[in-house]
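Keep the viewer open as you read.

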Amino acid sequence: MTKNLLVLGGTTEATALCQNLARSGISATVSFAGRVSQPKRTPLPQRVGGFGGIPGLLAYLSAHAITHVIDATHPFAARMSRNAVAACAQADIPLIALTRPQWQPETGDNWTHVPDIASAVAALDRPATRILLAIGRMHLTAFAVHPQHFYLLRLVDAPDTPPPFRHYEIVQDRGPFSIAGDLALMTAHRIDLVVSKNSGGTGANAKIKAARQLGLPVLMIDRPSLPARPEAHSVSDVLDWLNHTDTDRGV
Ligand code: NAP
């Protein structure tokens, strides 16, 4: 059976996987949600935009004769990941998630864990402070209930409308970030608190290491729970799995 993969992308790890698949001559398409104006180019053909929930994803898988799905989305892209599990189960298409371990606190870290964005917002009900709010742009509005704080926002694209804050600054940049760069950024803006998702991986952990060096507290938003699914932690594990699923199916 000729393989024809769908890679659900939007992460540094997905980009690395796409480069490897292209080098290996494996047919694959990478899919982006369309959240940023210029998704990172990979050598693979790409499509952009939601599929239209589980029915839309099922229709796409069938129309494009997809043989394997690799979910390499961000650990907080829970809706996409849940839809992928459901659609692949219904269509009997093998699925694997390319995931990265969560960050773990180390000596010198001062983390407060919260289970979700709403709890992070609730935890900021305190006197004015200077916050690096490094959570992307999707959930910024929720923090508007605390206008007393200064928010330093790091965004890939300039927002279409100003963020709903009284005191803020936007730094337009995209990862991977460096510790030296994040130390300089946080010092220049006199940051006293970092609010972060527990994304894991190396592309965004510079701010966590910088906070450790500066002795700053971190409000760490834990990951959403996802249905059980096969997982790989490296590109080579994904390639092994691809070979394996061939064997399992006797093709
Ligand atoms: P989400 O809440 O799970 O997804 C919402 C909807 O967006 C999905 O139901 C799907 O629409 C569409 N979608 C998401 N990822 C897609 C993909 N790769 N290809 C096609 N459609 C996709 O996801 P999110 O948190 O908004 O993240 C969107 C994308 O940004 C993801 O691809 C993720 O890898 C990337 N990203 C997210 C974060 C983060 O913190 N959440 C950080 C870095 C990168 P339909 O239901 O219509 O199919």
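Predicted model: local features only at pLDDT ≥ 70, side-chain atom pairs only at ≥ 80, totals over all residues.

Now look at the shell as a whole. There are 21 residues around the ligand, and those that come nearest are S31, F51, G52, M80 and K197. Sorted by class, the shell holds 10 polar, seven nonpolar and four charged residues.

A polar backbone atom of F51 sits 2.7 Å from an oxygen atom of the ligand. For A77, a backbone N or O atom is 3.2 Å from a ligand oxygen. With N83 the side chain takes part instead: one of its N or O atoms lies 3.5 Å from an oxygen atom of the ligand. On its own the ligand would expose 800 Å², and the protein buries 80% of that area.

Next, turn to the interior. In soluble globular proteins, nonpolar side chains tend to be buried together. Here the largest nonpolar core has 21 residues, and L5, V7, L17, L21, I70, V238 and L242 touch the most other members. Two or more residues come from each of β1 (5-8), α1 (12-24), β2, β5 (95-98) and α7 (235-248), with α7 giving the most, five. Leaving aside residues up to four places away in sequence, V238 touches L17, I70, I96, L98 and A232. Apart from this core lies another of 19 residues, including V121, I135, L153 and V195.

Conventions. Residues numbered from 1 in each chain as written. Heavy atoms only, no water. Near = heavy atom within 4 Å. Polar contact = N/O pair within 3.5 Å; in protein donor to acceptor, adjacent residues only side chain to side chain. Areas by Shrake-Rupley, 256 points an atom, 1.4 Å probe, with all protein chains shown as cover. Nonpolar A, V, L, I, M, F, W, Y, C, P; charged D, E, K, R; others polar. Core = buried A, V, L, I, M, F, W, Y, C linked by side-chain atoms within 4.5 Å. Buried < 20%, exposed > 50% of the residue type's maximum accessible area, 1.4 Å probe, protein only. Helix = DSSP H or I, 4+ residues; strand = E, 2+ residues; numbered from the N terminus. Contact = heavy atoms within 4.5 Å.
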